[in-house]
Amino acid sequence: SFGEGDTITTNIDVVLPEEINDEHLKKNEDYIFRIGIINALSYWKAYCSQTFQIKCGSLTLSEISWWKNVWFDGVGEFRYRNGLMDVNKNDWVTFVCDIVSENNKHEFKKLNGNLIGFTGGKDSTLTLGLLKDSDIKDNEVFTIHQPTEHVRKVREVLGVEDWKETVVIRKMDEELIVKNKEGALNGHTPFSIVIGFVGLFIASLRDKEYVIVSNEASANEPTVKGTDINHQYSKSFEFEKSFESYNKMVWPKGPTYFSILRLLTEVGIISLLKKYESVMPYITSCNTVSREKLWCGKCPKCLFSFLMFSAVWDIKFTTEIFGMDMFKDVNNLSTLLELTGISANKPFECVGTTGECMSALSVVYGKEDYQNEPLLLEFYNKYKDSLPGSENFHTLVCEFNENSLPAEFLEIIKQNQAQICHE
């Protein structure tokens with residue numbers, strides 16, 4: 001296991017649009033401390049030691065309680081896939097650190113403007129487009145990993161290439177990979193929490209009022225039926241509320257964190273994205289994207305996106321975007337059964353709800369070109385009685401879900417949603 005004698009080197013490089021002085025950076029060490037805690041989860045999970053000891057800072061008891069929830073709920077998928085579901089939350093981990101009654105006061109300047117997380121995927125692309133077309137100004141972006149050519153192109157097409165940018169590059173210690181090969185436990189950790197803390201840190205450095213991410217209502221659905229195991233736990237509204245509560249507990253006058261797309265479903269997001277059709281050749285939501293191909297055409301995220309795009313546009317358009325027709329391959333049937341909820345579990349990926357996938361299929365089956373698609377024919381012949389009416393797709397597009405959007409941002413989403421729902 002990792003013990004006191006081990007040295008782990010992990011870096012999160014933050015490249016800001018302008019230099020800051022050492023004094024300003026030192027004032028924000030309270031953010032860096034908590035980024036370090038959430039980053040450590042990736043190493044702790046290798047052995048799941050019963051004690052997590054912190055020697056470089058202090059926490060309040062309320063904070064420790066919050067972190068214990070993150071350590072347990074945030075790795076639900078990890079616990080499920082590694083056979084650790086019989087361990088209850090109280091016995092999962094003990095935090096050992098100096099305890100204080102209250103946090104040191106962090107003084108902030110007047111906060112203005114927005115810091116927007118951007119990946120070049122469909123969701124964050126929609127966010128940039130909507131904000132660019134709104135009356136809300138003073139926008140900056142932050143990206144995780146060095147922006148690729150396609151990410152740059154999306155911003156160029158949207159006309160926001162001049163927005164200031166902070167680049168974040170996270171480097172994990174290769175020793176973790178070695179430990180995994182030797183038999184240490186491995187699995188999914190809640191990376192969106194890392195993004196959340198890093199976003200707050202950058203926003204504090206840049207004196208921004210809001211940290212805006214692009215998580216949708218569909219992320220709330222569990223991955224494993226009949227449980228609360230959710231691959232997208234850290235993208236769920238439950239966690240968003242918990243994270244912002246922690247944020248204001250520690251930094252009551254600091255930047256605010258929220259998801260601007262929270263009230264929308266995935267089908268609602270993709271329907272709104274049609275307004276920005278010119279970016280479609282450049283976006284990707286595939287985890288295995290390469291310089292040569294934006295979509296691998298094999299993973300669940302690719303099949304989910306192919307299905308959604310085919311419903312909102314058509315199969316021909318989507319095939320041009322992907323460079324392949326995923327409906328031609330009947331080997332994708334098992335993934336399609338997972339996406340639609342016919343199999344026991346959804347894919348352990350960031351995909352929409354099973355109801356959205358079924359509704360999208362109903363729309364696709366209303367288009368003439370589905371009869372040339374082996375995968376669609378195979379699914380239809382076996383499961384056509386499970387399909388909802390195609391009108392259900394429109395209902396999901398216009399669904400208005402629980403959210404915590406500030407009023408001015410809520411109005412932007414409501415106005416754009418109303419335009420497509422009243423057509």
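**Exercise 1. Is F118 buried or exposed, and where does F118 sit?**

Step 1: F118 has a relative accessible area of 2%, so F118 is buried; buried means under 20%, exposed over 50%, and partly exposed in between, with a 1.4 Å probe and protein chains only.

Step 2: find the place in the chain. F118 belongs to the loop between β4 and α6. Helices (H or I, at least four residues) and strands (E, at least two) are DSSP runs, numbered from the N terminus.

Step 3: list the neighbours. Leaving out residues up to four places away in sequence, F118 touches S124, T125, L128, V141, F142, T143, I144, V151, V154 and R155; a contact means heavy atoms within 4.5 Å.

Step 4: check a partner further along the chain. F118 and I212 are 94 residues apart in sequence, and their C-alpha atoms are separated by 9.4 Å.

Before you go on, a word on the model: it is a predicted one, where local features need pLDDT of at least 70 and side-chain atom pairs count only at pLDDT 80 or more, while totals for chains, interfaces and linings use all residues. Residues are numbered from 1 along each chain as its sequence is written, and side-chain values use heavy atoms, with hydrogens and water left out.

**Exercise 2. Work out the order of the strands in the open sheet of six strands.**

Step 1: Strands of a sheet pair through backbone hydrogen bonds, either parallel or antiparallel. Here, two strands pair if DSSP finds at least two bridges between them.

Step 2: read off the order. The sheet runs β1-β6-β5-β4-β7-β8, with mixed pairing.

Step 3: look at the edges. β1 (11–15) and β8 (256–259) each have a single partner strand, so one side of each is left without a neighbour in the sheet.

**Exercise 3. Which strands pair with β4, and in what sense?**

Step 1: take β5. β4 and β5 pair in the parallel sense over four bridges, and G117 has F142 of β5 as its bridge partner.

Step 2: take β7. β4 pairs with β7 in the parallel sense too, over three bridges. In β7, I212 is the bridge partner of I116, and V211 is that of L115.

Step 3: move on from β7 (residues 210–213). β7 and β8 are parallel partners over four bridges, with S259 of β8 as the bridge partner of V213.

Step 4: sort the side chains. In a regular strand the side chains alternate between the two faces of the sheet. From β4, N114 and I116 point one way and L115 and G117 the other, and all are buried. In β7, Y210 and I212 point one way, V211 and V213 point the other way, and again all are buried.

**Exercise 4. How do α11 and α18 cross, and what covers α11?**

Step 1: know what to look for. Two packed helices are described by the angle between their axes and the distance between the axes.

Step 2: apply it. The axes of α11 (residues 266–273) and α18 (residues 407–421) come within 10 Å and cross at roughly 80°. Axes are lines fitted to C-alpha atoms, for helices over the stretch in contact, and angles run from 0 to 180 degrees between N-to-C directions. That makes α11 roughly perpendicular to α18 (65 to 115 degrees; under 35 is roughly parallel, over 145 roughly antiparallel, the rest oblique).

Step 3: name the contact. G268, S271 and L272 of α11 meet N416, Q417 and I420 of α18.

Step 4: check the cover. Eight of the eight residues of α11 are buried, and what covers them includes α6, α12 (300–312), α15 (354–364), α17 (391–397) and α18.
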